[in-house]
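Biologist: I would like a close look at a single part of this model, and then at how that part sits in its surroundings.

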Amino acid sequence: MFIDTHCHIDSYEEHSGEKFEDLLARLKKSCAEKGVDVKTGGSGASAAAEPTVTMPEAFVHVACDPAGFEYARKISEKYPFVYAAYGIHPEYVETETAEDEARLAEMLKHPRCVACGEFGLDYHYDKEHREQQLTLFERHLEIGIASGKPLVLHLREADEDALAVLRWTSLKNTTVHVHCFTGTADFVSKLLELDMNLFVGFTGIITFKNAPNVREAAALVPLNQLLLETDAPYMAPVPFRGTPCHSGYIPYVAHKLAEVKNVPVEELYRHCRENTRRCYGI
């Protein structure tokens with residue numbers, strides 16, 4: 001069984017032109033053709049010798065643009081296997097308002113909400129607003145901690161600043177999911193040293209030939225701190241790279257991660273499923 005712990009269903013619909021209900025029907029049909037029981041999360045096919053497209057047990061849909069908060073509420077209420085996380089991505093550093101933050105605080109109280117995020121720092125495209133990003137990061141940490149929800153962090157090419165903020169923030173007993181890890185082994189080592197309940201998520205990037213740093217980092221993360229995710233519709237794993245990613249591709253991430261950790265894929269799935277329960281309560 002597996003859960004996609006981080007995906008953007010609305011963006012998948014936009015990028016692929018396929019409605020979520022149609023994707024579900026396609027994944028269920030694929031499971032039926034392979035003799036997989038969808039109710040068990042596709043465990044038979046997902047743990048097979050070779051990865052195959054499989055229906056997840058559940059989805060964590062992440063709304064990181066205030067304009068998408070209502071979509072997240074509706075889809076999480078419509079499907080019992082879709083949960084929601086609410087945050088404000090650092091790309092909205094110039095447009096975020098006090099009203100957005102007030103709405104975020106309210107959405108974090110929704111019964112289908114399992115996390116605050118994603119939020120954080122991203123200097124890949126925007127180093128110009130570094131100070132503004134840092135200010136927002138600190139404020140979002142306060143909002144997330146006050147909510148009592150797990151925190152979903154987006155940390156890209158901002159290692160030293162991220163570590164500095166996290167070291168000065170009281171995160172003891174706080175659950176943190178550093179999602180879509182793209183950094184170095186050194187960065188993940190320093191994150192693992194922090195006093196917080198840390199989980200690290202890996203996506204299809206771990207299958208890319210040009211991402212040895214991600215595999216080196218994954219090798220250092222203990223099995224009981226790993227999470228499976230897609231960040232759909234982005235970064236589809238090999239052999240689907242360059243196409244819209246969806247949650248059915250998790251087995252390709254899992255098989256590569258099991259290879260990196262040098263464990264049977266069945267063991268990797270068991271750990272990640274239990275980690276998801278410990279992180280998100282689902």
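Biologist: Which residues does Leu151 touch, not counting residues up to four places away in sequence?

Modeller: This is a predicted model, in which local features need pLDDT of at least 70, side-chain atom pairs count only at pLDDT 80 or more, and totals for chains, interfaces and linings use all residues. Residues are numbered from 1 along each chain as its sequence is written, and side-chain values use heavy atoms, with hydrogens and water left out.

Leaving aside residues up to four places away in sequence, Leu151 touches Cys116, Phe119, Leu141, Gly144, Ile145, Leu171, Thr174, Thr175, Val176 and His177; contact means heavy atoms within 4.5 Å. Leu151 counts as buried because its relative accessibility is 0% (buried is under 20% relative accessible area, exposed over 50%, partly exposed in between, with a 1.4 Å probe and protein chains only). Between the C-alpha atoms of Leu151 and Ala85 the distance is 9.2 Å, with 66 residues separating the two in sequence.

Leu151 lies in strand β5, residues 151-156. Helices (H or I, at least four residues) and strands (E, at least two) are DSSP runs, numbered from the N terminus. The model has an open sheet of eight strands, with parallel pairing and the order β1-β2-β3-β4-β5-β6-β7-β8; two strands pair if DSSP finds at least two bridges between them. β1 (3-7) and β8 (226-228) are at the edges with a single partner strand each, so one side of each has no neighbour in the sheet. From one strand to the next, the twist averages 30°. Three bridges join β1 to strand β2 (residues 58-63) in the parallel sense, and Ala58 in β2 is the bridge partner of Ile3.

As for side-chain packing, the largest nonpolar core has 62 residues, and Tyr86, Leu191, Phe202, Leu228 and Leu268 have the most contacts inside it. A nonpolar core is a set of buried Ala, Val, Leu, Ile, Met, Phe, Trp, Tyr and Cys residues joined through side-chain atoms within 4.5 Å. Helix α10 (residues 250-261) gives this core its largest share, five residues. Leu268 touches Leu223, Leu226, Leu228, Ala254, Leu257, Ala258 and Val263, again not counting residues up to four places away in sequence. A second, separate core has 36 residues, among them Cys31, Ala58, Phe59 and Ala115.

How values were computed
Axes are lines fitted to C-alpha atoms, for helices over the stretch in contact, and angles run from 0 to 180 degrees between N-to-C directions.
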